[in-house]
Amino acid sequence: MASGPLEGVRVVELTTAWAGPMAGRVLGFLGAEVIHVEAPTRVNTWRANKDAPKPVNYPGFEPGERPFDRVFLFNSQNVNKRSLILDLKKPEGRRVLDRLLAVTDVLTCNFRPGMLRRLRLDYNSLKALHPGIIVAEMPAYGLDGPESGYAALGPTMEMAAGMSAMIRYRDGKPAVTGPSYLDPIGGFNAAAAILTALLHRQATGQGQHIEVPQVEAAMQFIGPELLAAAESGSEPEPDGNHVADMAPHNAYPARGVDEWVAIAAEDERQWQSLCRAMGRPGLARDPRFATLSARLANQGELDALIAEWTAGQDKHELASRLQDLGVAAASVNSPRDLAQSAYLWHRGFFTELEHVHAGRHPHPGLPIHLGRTPGGQRTAAPAFGADNGYVLRDLLGLPQAEIEVIEASGAVATVPAKGA
């Protein structure tokens with residue numbers, strides 16, 4: 001596989017779950033060497049399930065002897081990475097990390113504000129030893145301010161960012177977009193900021209401290225609504241999938257359980273084509289639906305007519321047929337639909353990777369296509385502590401006697417501590 005544009009760049013992650021590892025995943029895709037650091041007593045939360053393991057999270061529904069290495073959550077976001085397990089409470093572990101950071105380009109962290117400072121790994125401390133280092137922190141509410149100490153997850157960030165208030169049916173409760181959408185978005189934002197800082201360093205030789213407050217970054221998704229609210233003082237009026245300038249515009253039931261097809265008529269030509277597809281060309285002249293304003297006023301009746309027509313049809317076939325007629329339509333895809341998508345496989349979105357404990361599986365890629373330095377997905381996620389030896393021996397060049405002292409101290413590990 002061809003190299004990526006970040007070949008030769010080294011990234012150390014002190015991250016967990018989704019947002020932080022996603023930033024490293026992007027950088028690793030682009031060719032950086034990414035070292036994911038965990039403590040034996042506090043592993044990445046996406047490796048572990050403190051309750052009984054849920055079979056759905058593992059290949060073949062089997063946790064196996066090393067469930068922390070088989071769980072799909074961790075393995076999905078940590079391709080192309082190395083695993084270093086260090087107990088920073090032990091002096092031997094801390095010395096290893098200090099040596100590693102001395103030869104590192106980027107340090108990332110997505111824990112609460114203050115953690116890097118307490119560890120004496122904040123930017124001001126590190127730049128005194130390594131002027132070119134880039135430190136990226138991803139606090140949900142920023143590093144200072146009245147809400148900076150708040151904990152956050154993707155769904156709560158959607159609420160704080162004003163997004164959830166806009167996602168509801170007219171008489172329903174606020175909702176969220178799905179499973180922590182703002183986490184990976186935070187990862188992309190951080191990766192973009194790190195790329196910018198690397199260009200700055202290339203031009204000036206100077207490192208940089210990056211702060212990515214994820215709630216603030218999320219507000220870009222409702223920028224027009226924020227401006228309108230600031231100007232008019234009025235709130236948006238959510239109405240499910242309906243919009244003010246198209247009708248129909250909704251998701252309609254298809255054949256099967258919880259299967260849907262999205263259909264929209266962007267103009268009169270599409271509306272007339274939809275009526276012909278339904279076998280009811282006369283609807284285009286029906287006074288209730290003959291104009292956009294009439295359709296908007298009678299959306300309940302219109303939705304019911306379309307839903308009656310779509311209910312028994314295959315969502316993929318129907319969407320394709322409507323698209324051929326020039327009507328905006330798409331199947332509402334499930335994860336299984338995407339895993340079997342001929343479009344995504346043709347585009348090379350999936351890469352088959354072999355994991356030492358989880359087996360061989362297709363891994364979803366990233367929406368990045370570079371011609372000269374494409375990068376890509378080279379290795380599956382690392383087993384717990386699999387690269388301890390590489391870091392100590394090959395990267396840092398420590399003598400075997402010192403490595404044995406470090407290992408004897410318990411500062412490194414290849415299995416999580418009990419209760420971790």
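## A quick tour of the chain and helix α11

The protein chain holds 18 helices and 11 strands. What you have on screen is a predicted model, so please read everything below as computed from its atoms. We begin with the chain as a whole and then turn to one helix, α11, which covers residues 268-277.

**Overall dimensions and packing**
- The C-alpha trace of the protein chain extends over about 85 × 50 × 45 Å along its principal axes.
- The protein chain has 420 residues, and 46% of them count as buried.
- Taking the contacts in the protein chain between residues at least 6 apart in sequence, 68% link residues at least 24 apart.

**Surface and charge**
- About 21,300 Å² of the protein chain is accessible surface, and carbon and sulfur atoms account for 55% of that area.
- The protein chain carries 47 negative and 40 positive side chains. The centres of these two sets are 4 Å apart.

**Helix α11 and its surroundings**
- At the start of α11, D267 places a side-chain oxygen within 3.2 Å of the backbone nitrogen of R269.
- Within α11, the buried residues are Q270, W271, S273, L274 and C275.
- After α11 comes G279, with a positive phi near 75°.

Note on methods. Residues numbered from 1 in each chain as written. Predicted model: local features only at pLDDT ≥ 70, side-chain atom pairs only at ≥ 80, totals over all residues. Heavy atoms only, no water. Buried < 20%, exposed > 50% of the residue type's maximum accessible area, 1.4 Å probe, protein only. Helix = DSSP H or I, 4+ residues; strand = E, 2+ residues; numbered from the N terminus. Polar contact = N/O pair within 3.5 Å; in protein donor to acceptor, adjacent residues only side chain to side chain. Contact = heavy atoms within 4.5 Å. Areas by Shrake-Rupley, 256 points an atom, 1.4 Å probe, with all protein chains shown as cover. Lys, Arg positive; Asp, Glu negative; His and termini not counted. Charge placed at Lys NZ, Arg CZ, Asp CG, Glu CD.
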